[in-house]
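Open the model in your viewer and keep the selection tool ready. Each stop below names what to pick and what is there.

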Amino acid sequence: MNTDPIADYLTRVRNAIKANHRVVEIPASNLKKEITKVLFDKGYIANFKFEDNGPQGIIKVALKYHPITKIPAIRNISRISKPGLRKYAGTATMPRVLNGLGIAIVSTSKGVMSDKEARQQNVGGEVLCYVY
């Protein structure tokens, strides 16, 4: 049993980047699928695939690296809102990661989205993680 599946997701991605893996497999859930879609839309991962084998399913994430220097697109990925201490932000207090160079993934009432999209739609929510 895993108490924080989102932290497990982020740790698997972080470990795969440090080991220079091309693909990482992660147990699926609806929230993890939405986080994966946000990472793909913002260009932090190369591709993803949802496989429904078994009761839970698997997310296969293809990590993105610079073609010449082999530097990963994700420099840092960190969990912000934890099960023991939830972090919420309204539209006025929405965080800007690296002064706009990174993204904050936010779970709102209108779905999981980046901080910029949440500001545009004028919604707040739980700040799940920072990516840059």
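**Before you start.** This is a predicted model, in which local features need pLDDT of at least 70 and side-chain atom pairs count only at pLDDT 80 or more, while totals for chains, interfaces and linings use all residues. Residues are numbered from 1 along each chain as its sequence is written, and side-chain values use heavy atoms, with hydrogens and water left out.

Stop 1: Select residues 45–51, strand β2, and residues 58–63, strand β3. Strands (E, at least two residues) and helices (H or I, at least four) are DSSP runs, numbered from the N terminus. β2 and β3 pair in the antiparallel sense over six bridges; pairing takes at least two DSSP bridges. Find Lys49: Lys60 in β3 stands opposite. Six residues lie between the strands of this hairpin, and Gly54 has a positive phi near 85 degrees.

**Stop 2: the rings.** How many aromatic pairs does a search of the whole structure find? The search gives two. Rings of Phe, Tyr and Trp (its six-membered ring) pair if their centres lie within 6.5 Å; planes under 30 degrees apart are stacked, over 60 edge-to-face, the rest tilted. Show Phe40 and Phe48: their ring centres are 5.2 Å apart and the planes stand at 80 degrees, so this pair is edge-to-face.

Now colour by accessibility. Partly exposed lies between buried (under 20% relative accessible area) and exposed (over 50%), with a 1.4 Å probe and protein chains only. Phe40 is partly exposed at 33%, as is Phe48 at 22% and Phe50 at 29%.

**Stop 3: the pocket.** Select Lys42, Tyr44, Arg96, Val97, Gly100, Leu101, Gly102, Ile103, Ser114, Asp115, Lys116 and Arg119, which line the largest pocket. Helix α3 gives the most to this lining, with three residues.

**Stop 4: Asp115.** Stay on the lining and centre on Asp115. Asp115 is in helix α3, residues 115–121. Is Asp115 buried or exposed? Asp115 counts as buried because its relative accessibility is 5%. Leaving aside neighbours within four places in sequence, Asp115 is in contact (heavy atoms within 4.5 Å) with Met94, Pro95, Arg96, Val97, Ile103, Ala104 and Val106.

Technical notes: 1 Å grid on protein atoms, 1.4 Å probe; cavity = no way out; pocket = protein on both sides within 12 Å on 5 of 7 lines; lining within 4 Å.
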